[in-house]
Amino acid sequence: MKKAIFGALALALCGAANAGPVWEYSTGPGTFGDNNSSYEYGYDSITTRYDVDSGDFVFEVDYAAENRPGVNQDRRNDTARSGWLVVNAGGNPKGEDGLAILYFDRASGNVWAYEYNGENSPNSWATGNFLGFFADAYSTNGSVSTLSINASAINAQLAGGIQFDDSVGIWFHPAFSGRARGNHNGMRSFDPGRTVWYDVAYRDTVNVPAPATLLLLGLGLIGLGMRRRS
């Protein structure tokens, strides 16, 4: 039993030593930008994570905004029905070539990826190359919405794609009355309806523990416990 545990510990140590970084950016409560002050949508947190080795990408928003100044209390827990998202490893992605733009739809749970054409417009999908379809990749639980995909195939097609490292830029437009429709062949239509935005550039990220590192920690604790009992 001890040999098995310490063997697994050695394997985990080897994996952790060779694992690439997992970058994460998170921000606390705030209010979305908009062109109509009557919208007044807010969020409790926005978090995004990118695993360099696996290509796993997650973008999560907690729309809870109870009793926050500047937020319409009738909309304090509204979650996005659809919208679009572009990220990069630096400046504001809006207007930058070589990136992917993701469109998501709450009703179907689907996400579509297109080559971003660099325009400040919700209609980039209509002129951009279709890069991929992700079924059941967008979900909502209470006030929290999560977009989760593996971006490896996208990043194999584009230099920037969907990825970031020790800094991140985000161009995010949640749509609260919109709808994206389509299938695995691409979107048929996108009606953004009422949208707001979250734009940031050159935000520092942190290197968070990868699963192998967490496994290593757990096995180390088990080994320490066995040593104390022996």
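What follows is a short tour, from the overall fold down to a few single residues.

Keep in mind that this is a predicted model. The protein chain has three helices and 16 strands. Of its 230 residues, 46% are buried. If you take the contacts between residues at least 6 apart in sequence, 63% of them join residues at least 24 apart.

**Nonpolar cores**

- In soluble globular proteins, nonpolar side chains tend to be buried together.
- The largest nonpolar core here is made of 37 residues. The ones with the most contacts inside that core are Phe-32, Phe-57, Leu-102, Ile-149, Ile-170 and Phe-172.
- Phe-57 is a handy place to start looking around. Leaving aside neighbours within four places in sequence, its contacts include Tyr-50, Leu-85, Val-87, Leu-102, Ile-149 and Phe-164.
- Another core, of 13 residues, lies apart from the largest one. Trp-84, Val-86, Tyr-103 and Ala-180 are among its members.

**Aromatic pairs**

- A pair of aromatic rings is described by the distance of the centres and the angle of the planes.
- The count of aromatic pairs comes to 18.
- One of them joins Tyr-43 and Tyr-198, edge-to-face, at 5.7 Å centre to centre and with 85 degrees between the planes. This pair links distant parts of the chain: Tyr-43 sits in strand 3 (residues 42–43) and Tyr-198 in strand 15 (residues 198–204), 155 residues apart.
- Are these two tyrosines buried or exposed? Tyr-43 has 6% relative accessibility, so it counts as buried. Tyr-198, at 8%, counts as buried as well.
- Tyr-63 and Phe-176 make another pair; their ring centres are 5.8 Å apart and their planes are at 85 degrees, so this one is edge-to-face.
- Which parts of the chain does that pair tie together? Tyr-63 is in the loop between strand 5 (56–62) and strand 6 (82–88), while Phe-176 is in the loop between strand 12 (167–175) and strand 13 (179–183), so the pair connects parts that are 113 residues apart in sequence. Both Tyr-63 and Phe-176 are buried.
- Ring pairs also build a cluster that takes in Phe-32, Tyr-41, Tyr-43, Phe-59, Tyr-63, Phe-104, Tyr-138, Phe-172, Phe-176 and Tyr-198. So both pairs described above have their rings in this cluster.

**A buried charge: Asp-51**

- Asp-51 belongs to strand 4 (residues 45–51).
- This residue is buried, yet has no salt bridge. Its nearest side chain of opposite charge is Arg-49, 8.3 Å away.
- What does the side chain of Asp-51 reach? At 3.2 Å, there is the backbone nitrogen of Ser-54.
- Setting aside neighbours within four places in sequence, Asp-51 is in contact with Pro-21, Val-22 and Asp-56.

**Two residues with positive phi**

- Asp-136 has a phi near 55 degrees, a positive value in a residue other than glycine. Look for Asp-136 in the loop between strand 9 (130–134) and strand 10 (138–141). Its relative accessible area is 66%, so Asp-136 is exposed.
- Tyr-202 is not a glycine either, and its phi is positive at about 50 degrees. Tyr-202 is in strand 15. With 61% relative accessibility, Tyr-202 counts as exposed.

Definitions and conventions. Residues are numbered from 1 along each chain as its sequence is written. This is a predicted model: local features need pLDDT of at least 70, side-chain atom pairs count only at pLDDT 80 or more; totals for chains, interfaces and linings use all residues. Side-chain values use heavy atoms; hydrogens and water are left out. A nonpolar core is a set of buried Ala, Val, Leu, Ile, Met, Phe, Trp, Tyr and Cys residues joined through side-chain atoms within 4.5 Å. Buried means under 20% relative accessible area, exposed over 50%, partly exposed in between (1.4 Å probe, protein chains only). Contact means heavy atoms within 4.5 Å. Rings of Phe, Tyr and Trp (its six-membered ring) pair if their centres lie within 6.5 Å; planes under 30 degrees apart count as stacked, over 60 as edge-to-face and the rest as tilted. Helices (H or I, at least four residues) and strands (E, at least two) are DSSP runs, numbered from the N terminus. Lys and Arg count as positive and Asp and Glu as negative; His and the chain ends are not counted. A salt bridge is a side-chain nitrogen of Lys or Arg within 4 Å of a carboxyl oxygen of Asp or Glu. A polar contact is a pair of N or O atoms within 3.5 Å; within protein, one must be able to donate a hydrogen and the other to accept it, and residues adjacent in sequence count only if both atoms are side-chain atoms.
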